[in-house]
Amino acid sequence: PVYQVTASAPVNIACIKYWGKRDTTLILPTNSSLSVTLSQDNLRSTTTSRSSSSFEKTRLWLNGVEEVIKPGARLDRCLAELRRMRKENVEDKDPSVPKLSTWNLHIASYNNFPTAAGLASSASGFAALTASVAALYGLNAFPQHPSSSYSPPADASQLSLIARQGSGSACRSLFGGFVAWEMGKDSNGRDSLAIQVAPESHWPSLHALICVVNSGKKGTSSTAGMQETVLTSELLKSRIKDVVPSRMSSITQAILAKDFDSFAKITMQDSNQFHAVCLDTFPPIFYLNDVSRAIIAIITELNRVSVEATGHLVAAYTFDAGPNAVIYTESENIKTIIQLLLNYFPIDFAASPFNDSFQLFGVGHPSAAPFPKGFNENVSRVWEKDSIKGLIHTKIGDGPRVLGEE
Ligand code: DP6
């Protein structure tokens with residue numbers, strides 16, 4: 001027989017950034033991090049895993065292209081962990097179940113967004129792989145889709161230990177909503193896991209707007225870049241020791257209280273400091289470009305006029321290891337922000353592969369609107385050659401889903 005499970009998993013975008021490993025094999029970080037899980041309605045990885053005693057070897061296809069599985073590398077280690085859990089938790093307890101831990105696997109994984117969009121496909125990819133093989137092995141029950149009353153299974157944190165060994169940020173995609181990756185202390189990594197801070201239902205008005213700035217492949221990979229930083233940056237040491245621990249607790253408080261001002265300020269400060277430690281790396285690493293910096297200037301100006309008028313911030317930008325911006329804001333401001341961006345960037349919606357995401361949330365195909373009162377229209381007009389190539393408007397979403405079993 002062939003056993004088969006398909007599962008999907010979401011993308012997550014960190015507000016407190018993971019950057020640096022203390023163990024590069026087990027993927028143990030030098031600081032804790034915290035992210036927001038984005039809705040799988042827009043962005044997801046979907047993985048089908050099959051197991052059969054007749055498969056001659058374990059094989060993997062990514063977006064339809066077969067990849068080489070290197071012995072001892074990340075995928076191989078994740079699968080070894082899942083096999084061990086299958087044997088210890090299932091087969092040793094019930095000798096009547098098939099010995100799937102000894103059979104080879106065929107795994108096929110797809111992203112529903114272009115890899116070229118420069119979004120975190122390794123996070124959703126390793127989370128979907130972990131969720132699908134875990135379900136195949138009877139280790140976990142992520143809810144079936146559609147699920148009205150989603151709550152993550154109690155042992156999702158245990159599975160996050162496995163996803164973490166595929167790609168650090170993947171451990172956070174095992175939960176929906178607001179998720180912390182606690183760095184842990186043990187050298188064996190057993191306490192370096194993801195926990196849910198609050199489910200997506202906690203703050204449904206918080207939305208994300210992804211500005212796809214550069215769809216090309218990034219210069220320095222996260223994996224290589226962060227180790228250069230660990231080796232050469234003095235600033236990283238003080239970030240790890242003096243900054244991140246207090247930010248982790250303040251942003252957790254802000255999320256629990258739905259305090260957008262604090263959430264936004266900490267998120268922007270942490271993105272800025274992450275890019276500062278990249279610049280402090282020797283030789284330096286540059287992920288932001290002129291368009292990224294222009295987006296920072298526009299959001300900063302928007303927040304300035306808003307604080308003047310209402311006393312509150314309206315948006316927070318954050319950037320990962322590339323020039324794309326993710327803007328967090330309450331849903332009522334999405335339209336204004338898109339219209340504001342259109343005053344600066346000639347976004348060609350017809351040519352954008354992402355234009356559908358507008359209709360999904362009723363924003364409609366927008367056009368530029370007048371600047372808010374007091375807004376400095378000359379803020380950073382520096383991007384004549386380059387622009388925003390697409391916008392994706394998305395909600396906060398849930399964790400992995402099992403889509404089908406055979
Ligand atoms: C900037 O998880 O991609 O997105 O563990 O080496 O696979 P590896 O790195 P990865 O790094 C993500 C870095 C980041 C910040 C974050 O997501 O926290």
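Two residues are in contact if their C-beta atoms, placed from the backbone, lie within 7 Å. The legends below describe a predicted model.

**Close-up A. Helix α1 packs against helix α2.**
Helix α1 covers residues 74–91. Helix α2 covers residues 121–136. Their axes lie 10 Å apart, at an angle of about 25°. Angles under 35 degrees count as roughly parallel, so α1 is roughly parallel to α2. The crossing of α1 past α2 is right-handed. From α1, the contact takes in Cys-78, Leu-79 and Leu-82. From α2, it takes in Phe-126, Leu-129, Thr-130, Val-133 and Ala-134. Sorted by class, the contact of α1 with α2 holds seven nonpolar residues and one polar residue. It has no charged residues.

**Close-up B. Helix α2 also packs against helix α3.**
Helix α3 spans residues 156–164. The axes of α2 and α3 are 9 Å apart and meet at an angle of about 125°. That angle makes α2 oblique to α3. Here too the crossing is right-handed. Phe-126, Ala-127, Thr-130 and Ala-134 come from α2. Their partners in α3 are Leu-159, Ile-162 and Ala-163. The contact of α2 with α3 counts six nonpolar residues, one polar and no charged. Phe-126, Thr-130 and Ala-134 belong to the contact with α1 and also to the contact with α3.

**Close-up C. Six strands form an open sheet.**
Read across the sheet, the order is β8-β7-β9-β6-β1-β16. The pairing is mixed. Strand β8 (65–67) stands at one edge and β16 (401–405) at the other, and each pairs on one side only. Neighbouring strands of this sheet are turned by 20° against each other on average, direction ignored. Inside the sheet, look for β7 (residues 59–62) and β9 (residues 104–111). These two strands run parallel and are joined by four bridges. Arg-59 has His-106 of β9 opposite.

**Close-up D. Helix α2 lies across the six-stranded sheet.**
The helix lies across four strands: β1, β6, β9 and β16. Strand β1 spans 2–10, and β6 spans 44–52. Helix α2 runs at about 145° to β1.

**Close-up E. Four strands form a second open sheet.**
The order here is β2-β5-β10-β11, and the pairing is antiparallel. The edges are β2 (12–16) and β11 (193–198). Each edge strand has a single partner, so one side of each is left without a neighbour in the sheet. From one strand to the next, the twist averages 35°. Strands β5 (residues 33–37) and β10 (residues 178–182) pair over four bridges in the antiparallel sense. Find Ser-35, which stands opposite Val-179 in β10.

**Close-up F. Residues gather around the ligand.**
The shell around the ligand has 15 residues. The closest are Ala-14, Tyr-18, Ser-167, Gly-168 and Ser-169. By class, the shell divides into six nonpolar, seven polar and two charged residues.

**Close-up G. Helices α5 and α6 cross.**
Helix α5 runs over residues 234–256, and α6 over 260–280. Their axes come within 10 Å and cross at roughly 165°. Angles over 145 degrees count as roughly antiparallel, so α5 is roughly antiparallel to α6. The crossing is left-handed. Residues of α5 in this contact include Glu-234, Leu-235, Arg-239, Val-243, Arg-247 and Ile-251. Those of α6 include Phe-263, Ile-266, Asp-270, Gln-273 and Asp-280. The whole contact of α5 with α6 divides into ten nonpolar, three polar and five charged residues.

Most peptide bonds are trans. Pro-283 lies in the loop between α6 (260–280) and α7 (290–310).

**Close-up I. Ile-27 has a positive phi.**
Most residues other than glycine have a negative phi. For Ile-27, phi is near 55°. The residue is found in the loop between β3 (21–23) and β4 (28–29).

Terms used:
Residues are numbered from 1 along each chain as its sequence is written. This is a predicted model: local features need pLDDT of at least 70, side-chain atom pairs count only at pLDDT 80 or more; totals for chains, interfaces and linings use all residues. Two strands pair if DSSP finds at least two bridges between them. Axes are lines fitted to C-alpha atoms, for helices over the stretch in contact, and angles run from 0 to 180 degrees between N-to-C directions. A residue is near a molecule or strand if its C-beta atom, placed from the backbone, lies within 6 Å of it. Ala, Val, Leu, Ile, Met, Phe, Trp, Tyr, Cys and Pro count as nonpolar, Asp, Glu, Lys and Arg as charged, and the others, Gly among them, as polar. Angles under 35 degrees count as roughly parallel, over 145 as roughly antiparallel, 65 to 115 as roughly perpendicular and the rest as oblique. A crossing is left-handed if the near helix is turned anticlockwise from the far one by less than a right angle, and right-handed if clockwise.
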